[in-house]
Amino acid sequence: MQNRFPLRALLLASAVSLAAPMTLTVTAAQAETPADTLVIAHQIDDIISLDPGQSFEFSGQDVVHSLYDRLVDFDPLDLNAGIKPSLAESWEVSEDGKTITLTMREGVTFQSGNPVRAEDAAWSLQRAVKLNKSPAFILNQFGFTAENVDERVTFDGNRVILQLDQPYAQSFVLNCLASEVGSVIDKETAMSHAEGEDFGNAWLSTNGAGSGPYALGAWRPNEAVQLVANPDYWQGAPTMARVIVRHVQESSAQRLLLEQGDVDVARNLTPTDVEGVAGNERLKVLDELRGRILYMGLSQKDPLLSRPEMVEAMKYLIDYAGMESSFLKGQWKVHQNFLPEGYLGAADENPWSYDIEKARQILTDAGITSGTVKTIVRDIREYVDAAQTLQAAMAQVGLTLEIQQMTGAQVLDAYRARQVPIFIGEWGPDYADPNTNASTFAHNPNNADDAGLSQLAWRNSWAVPQEMNQAVEAATLEGDTDKRVQMYLDIQSQYREIAPIIPMFQKIEQVVLQQNVQNWTSGGSVTSVNYRQVTKE
Amino acid sequence: MAQPDILGPPGQGVPPPAGGMPSARRARLGRRLRSLAGIALSLALTLLGLLLVTFVIGRIMPIDPVLKVVGERATQAQYDAAYQAMGLDKPIWQQFLRYMAEVLRGDFGRSISTGHPVAQDLLRVFPATVELATLGTLIGVCVGVPLGVVAAARRGGWIDQVARVVALVGYSMPIFWLGLMGLLLFYGILGWVGGPGRQGIIYDGMVPTVTGLILIDSLVAGDWAAFRDAFSHIVLPASLLGYFSLAYISRMTRSFMLEQLSAEYVVTARVKGLSEGRVIWGHAFRNILVPLITVIALSFGSLLEGSVLTEIVFSWPGIGQYITKALLAGDMNAVLGGTVVVGTCFVALNLLSDILYRLLDPRAK
Amino acid sequence: MTQTTRAWLLSDAPQTRRQARLGALYQGWLTFRANRLAMVGLAILVLLVLVAAFAPWIAPQNPYAQNLAERLRPPSAQHWLGTDALGRDILSRLIFGSRVTLFIVGTVALIAPVIGLFVGTVAGFAAGWVDQVLMRITDIFLAFPKLILALAFVAALGPSIGNAVLALALTSWPPYARLARAETLTIRNADYIAAARLQGAGPLRLLIGHVWPLCVSSLIVRVALDMAGIILSAAGLGFLGLGAQPPMPEWGAMISDGRSYILDFWWVAAMPGMAIFVVSLAFNLLGDGLRDVLDPKGARE
């Protein structure tokens, strides 16, 4: 070929496409984020609504928590101090223990400028019950129904009055009111956007109408949430004028962003990535114990798993220490009780350890030498790895474990239908009271197939002994906190003996932050993330 | 292969639709009109079929959309209420008709996995994909076409071999691996490009949305800093997609060119003493334009589907991720809406290359 | 091969049909053999088949044996390619994984082109409304976001490697149908078809006896070129958790497992990545070579 044109064309074209990025991207590497902005990399694709009466996802509650205030709340700088007054200044319980009267704080306004009234607080609780979305059951535990809630939750001047159907423990009621479903919504603003009978649900799903430290700047699903500080916040304007939460799916990507200084906080680093940044002096790792429990449920419908010896043996086939020190390293700690550490009445005995010989002995004594069981696990790395570890251990005693990976929705579907022989997954507490876990792990009033309950005990077809059912119910009514603690310790002790739903680990959230970020809290085991106290040096 | 993600090469080698050969001039206009009507009809039918298939798939899939709405702790009563509210208790054909009626009114319903109206979601995620796909295709064309032409002109030479290896590597590498490695190198180590996401954090929400394409919006706003920032973020994922479409386009170009270069008219032209450049670019290349455009259009079309894996790796909020996530949650409103958009684009691109074919192909005249 | 057999094969005047056929095959083989890269591809694939067949004897360790204390070890004398997150030997897993890869490739290559061939040739041959209907269906499948279709299939059938492969096969036939139809259109009116028809051959016989054989060669070429895409697609489904189920050592699933360790323990993802790369490269090279042999149109200068 004599003519060089094709080659030149080629080079030119390549040069255009290669050189353009080089010349245009000189500014790409940034040293740090703006001083008044907090930037967080987090998986937030679970948010489906920001309405306090509907939101029930981890990341959604994080947002709701900052948009709204509740009648009572935790102090983000001292979570262990327990429930503190918030929009309610004080409260008192009647003689019979069935009426709680909360007095509202004066002079607080919503972000709209409207005053926060007792009427707003009462209406917020009423609408949550009437909407009857996922979190409504937290309030319904006190005997509220869509029909009676207008009489049971009332206001009088600056006081909100709750009439309960039983003399519940005060701590139980207040803990529930501190959960996101107890958020106080600006009634006027919400109702001005109501469509039909939805109490503003459609509008509140994507907008905020609260008195909280932050207002909603923007929420772009699967992309980002932007919060803007409320300068008139009654506890003082937050230091961080903007909070941006970016959805970043991959841990590797979160880590790169953090290392480049493009984000201040990364919340979903895998154990290996956390280890990888350990040597970086510009970063720090914060370990925070959360309330989530990783457990294994053995369905009592399965002929093999329903044998008590099998349940006993399974407890020794889990390589707790091995998993804790390898793929769960730093993010889950061994915890063999259904109440997470940090909760009232949590037990700390961990009696089981990985012991193939012991398991083999138990099984041989019972005449079990072979068998096949199936597990359906969600396609989450830790669960699948845990299942594979169990599979290898079971193989050593002659048992075959078939693992089936599925998406979250499919696993849940099968679980609800009581069709998962071995379930490996997480349970997160719904509110900051021990009853949240006791009532699901150790309570099953009706073990019939068509009962359609949501308790974990029911889903694993476990007919909880009557006395344990009663003990769980009685514990919600015990006014004396010390006695209440003892009751839960007793339940857990008996539970460890007999239950086929085996708590294995408790979540530790490892947050990695830039050195200059101070006062971060992810909410501990009891609440959601708080941004208002965060500062940068 | 322009779309490495899930299925094989895009529109690979789908030959352009065979054009009719009108015999009489008088008949031509009538034929054209009729064929236009035919095209419109088949387009509508294809879209309708697409919707129907998606709808049926959504209903037979063992993913329960109600669960996403009511959550894990819902009681049976809450579940039943949501089930009815979503109209799932009705026969499937009724559900379909209801859906169609709403779509015709321009209402795609509300997504249960994002809580937003589907139309609003699509207006946000589709431009993100369009932006990425356009730039990717541009890179693929700018490099792939010359590469293919040269490879054909010097068949067996070193450029041909390099082009072959480049293309084969493009065919063979898992994109999520290349993507993460690219991020590590160009962002993590060299710091040449922006990280995951469409924009740097400081520019987030700073440029008013006009088209949804950040590159264009920032130009409209005259914000050069924002433009540079957006460009530094898109460059890496776009280059990656561009590489895959380059691999496909260069292979196809080479093969088209080889066919032309062995044709008699080329021999004649050479004998007549035309320079090699004239022969290649002036004659052979002009003749492959039509099929080439078809190939490019198809490759572009498949990129518009959104490449889920690229989007995940680069935190790119595009339509591929949107539809996948919706599908796995049983969020059929979002899946149907996304499918309509993607399907329409695909059909439109097909139509465009079809029309182009009829207009440009010498044999069709 | 003796000189005489060679001469017999290359004879200009074959005496039997069999000789002519074998001769043509031999000619093709000679062309193919001359293509060094294609031969490299073939050699790799032969090696792959051998490795798959003798996996239990070749693999240095048990691919399922876990050892949490030895997890994420770099390549060493003991573990040539290192260990994964559960302490399993990556080399052994790759060796056993070759069986899965062959299964994926084999199944898809058997199903998709056959459906495509059938739909395409029937449409092209029958013309009229049959053609219209079949092609509209093909269009619908083409216009469908392919990922959705594959995902939906897998989700509907339940995630397993078999179903993932089936889904891939069922979603990748439309391009083959288009190709087969185009080929059919060009040969439908050929003289020898008309001749066969005059001899009283029915449509079915024409289709099977005369149209299919002519379409097959170009389809084979396409399939060989698509193989890489198929392996990667299966890997893509695995990436979304819908492919192989643990502890099956499917290469795509192995990469997917390794991606969380990519920044510090590169070999976990890179090793299976290399394996996929080498095998799909081999298929590509083979496909290129086959194209030169079977599809002379694009080959001759």
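Modeller: Happy to! Let's start with α13(B), which is mostly covered, as 10 of its 10 residues are buried. Here "buried" means that 20 or more other C-beta atoms lie within 10 Å of a residue's own; 12 or fewer makes a residue exposed, anything in between partly exposed, and the C-beta atoms are placed from the backbone. Before going on, please note that this is a predicted model, in which local features need pLDDT of at least 70 and side-chain atom pairs count only at pLDDT 80 or more, while totals for chains, interfaces and linings use all residues. Residues are numbered from 1 along each chain as its sequence is written, and chains are lettered from A and ligands numbered from 1 in the order in which they are written.

The buried residues of the helix are I319(B), G320(B), Q321(B), Y322(B), I323(B), T324(B), K325(B), A326(B), L327(B) and L328(B). After the helix comes G330(B), with a positive phi near 70°. Helices here are DSSP runs of H or I with at least four residues, strands are runs of E with at least two, and both are numbered from the N terminus.

Where does this helix meet the other chain? The contact between the chains takes 66 residues from chain B and 59 residues from chain A, with two residues counted as in contact if their C-beta atoms, placed from the backbone, lie within 7 Å. By residue type, the side of chain B that touches chain A holds 33 nonpolar, 21 polar and 12 charged residues. In this scheme Ala, Val, Leu, Ile, Met, Phe, Trp, Tyr, Cys and Pro are nonpolar, Asp, Glu, Lys and Arg are charged, and the others, Gly among them, are polar.

Now to the partner. Chain A has 19 helices and 19 strands. Its radius of gyration is 26 Å, close to the 24 Å that the globule rule gives for 537 residues, so chain A is as compact as a globular protein of that length; the radius is taken over C-alpha atoms, and the rule is 2.2 Å times the number of residues to the power 0.38. Along the principal axes, the C-alpha atoms of chain A fill a box of roughly 90 × 70 × 45 Å. Of its 537 residues, 56% count as buried.

An automatic or database domain assignment sets the domain bounds: domain 1 of chain A covers 32-266 + 515-536, and domain 2 covers 292-507. Their centres, over C-alpha atoms, are 31 Å apart. In the contact between them, 17 residues of domain 1 meet 16 residues of domain 2. Helix α6 (residues 170-177) of chain A gives the largest share of the domain 1 side, 5 residues. That side is made up of 8 nonpolar, 9 polar and no charged residues.

I44(A) sits in the loop between β1 (37-42) and α2 (58-67), and I44(A) counts as buried because 26 other C-beta atoms lie within 10 Å. Not counting residues up to four places away in sequence, I44(A) touches S59(A), V225(A), V245(A) and H247(A). E382(A) belongs to helix α14 (residues 381-396) of chain A and is buried as well, with 21 other C-beta atoms within 10 Å. Leaving aside neighbours within four places in sequence, E382(A) is in contact with F327(A) and L328(A).
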